[in-house]
Amino acid sequence: MEINHRDLLRKSGKGLKVGMPYLLVLALVMVLGFWLADTGMRHPESVASLKRWMHATRYGWLAWRLVIYCAVGWGLWKIWHAPGFRQEYRRPLLSIAGASTLFFLVCEYSIFSGVGG
């Protein structure tokens with residue numbers, strides 16, 4: 001089996017074109033996270049007041065999340081009942097829905113568990 005180096009470079013170039021935006025977004029999220037952490041360490045009183053405000057309005061945020069969860073459920077229902085939705089798509093959609101539900105439950109548990117004061 002002969003390896004054509006031009007084809008290999010062409011394929012890796014396509015992979016870089018596809019993968020580079022994802023790496024750039026990841027780097028941007030990391031930079032923003034570091035900036036946010038630095039800002040929080042420089043201004044702890046503002047972070048504390050934001051935490052108090054988030055705690056005071058936690059049930060409003062819960063209602064907002066429930067609206068988002070209902071929208072996700074409605075979207076899954078619409079996909080399930082779409083005219084072109086075939087039988088072989090049902091199992092992957094159910095596994096995606098199950099994983100999403102588990103993720104939602106774990107996130108809600110972590111928010112309302114009260115760990116960390």
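Here are some friendly notes on the helices, aromatic rings and cysteines of this predicted model.

1. **Ground rules.** Because the model is predicted, local features need pLDDT of at least 70 and side-chain atom pairs count only at pLDDT 80 or more, while totals for chains, interfaces and linings use all residues. Residues are numbered from 1 along each chain as its sequence is written, and side-chain values use heavy atoms, with hydrogens and water left out.

2. **Annotated spans.** An unreviewed UniProt entry places the feature "transmembrane region" at residues 21-41, 61-80 and 92-112. UniProt positions follow the numbering used here, feature names are shortened, and annotations may be inferred rather than shown by experiment. Residues 21-41 are 100% helix and 0% strand, with end C-alpha atoms 30 Å apart. Residues 61-80 are likewise 100% helix and 0% strand, and their end C-alpha atoms lie 29 Å apart. Helices (H or I, at least four residues) and strands (E, at least two) are DSSP runs, numbered from the N terminus.

3. **Helix H4.** H4 covers residues 90-112, which is 23 residues. The expected span is 1.5 Å times one less than the number of residues; that gives 33 Å, and the end C-alpha atoms are 33 Å apart, so the two agree. Leu-93, Ala-97 and Glu-108 are buried in H4, where buried means under 20% relative accessible area, exposed over 50% and partly exposed in between (1.4 Å probe, protein chains only). The buried residues of H4 pack against helix H3 (58-80), with contact meaning heavy atoms within 4.5 Å.

4. **Aromatic rings.** Rings of Phe, Tyr and Trp (its six-membered ring) pair if their centres lie within 6.5 Å; planes under 30 degrees apart count as stacked, over 60 as edge-to-face and the rest as tilted. By this rule there are five aromatic pairs. One of them joins Trp-53 and Trp-61, edge-to-face at 6.0 Å centre to centre with 85° between the planes. Trp-53 is partly exposed at 45% relative accessibility, as is Trp-61 at 32%. Trp-80 and Phe-85 have ring centres 5.7 Å apart and planes at 40°, so that pair is tilted. Trp-80 is partly exposed at 24%, whereas Phe-85 is buried at 15%. Tyr-69, Phe-103 and Phe-104 form one aromatic cluster.

5. **Cysteines.** How many disulfides does a search of the whole structure find? The search finds zero, taking a disulfide as a pair of cysteine sulfur atoms within 2.5 Å. The sulfur of Cys-107 is 16 Å from the closest cysteine sulfur, in Cys-70, which is too far for a bond. Cys-70 is exposed at 56% relative accessibility, and Cys-107 is partly exposed at 24%.
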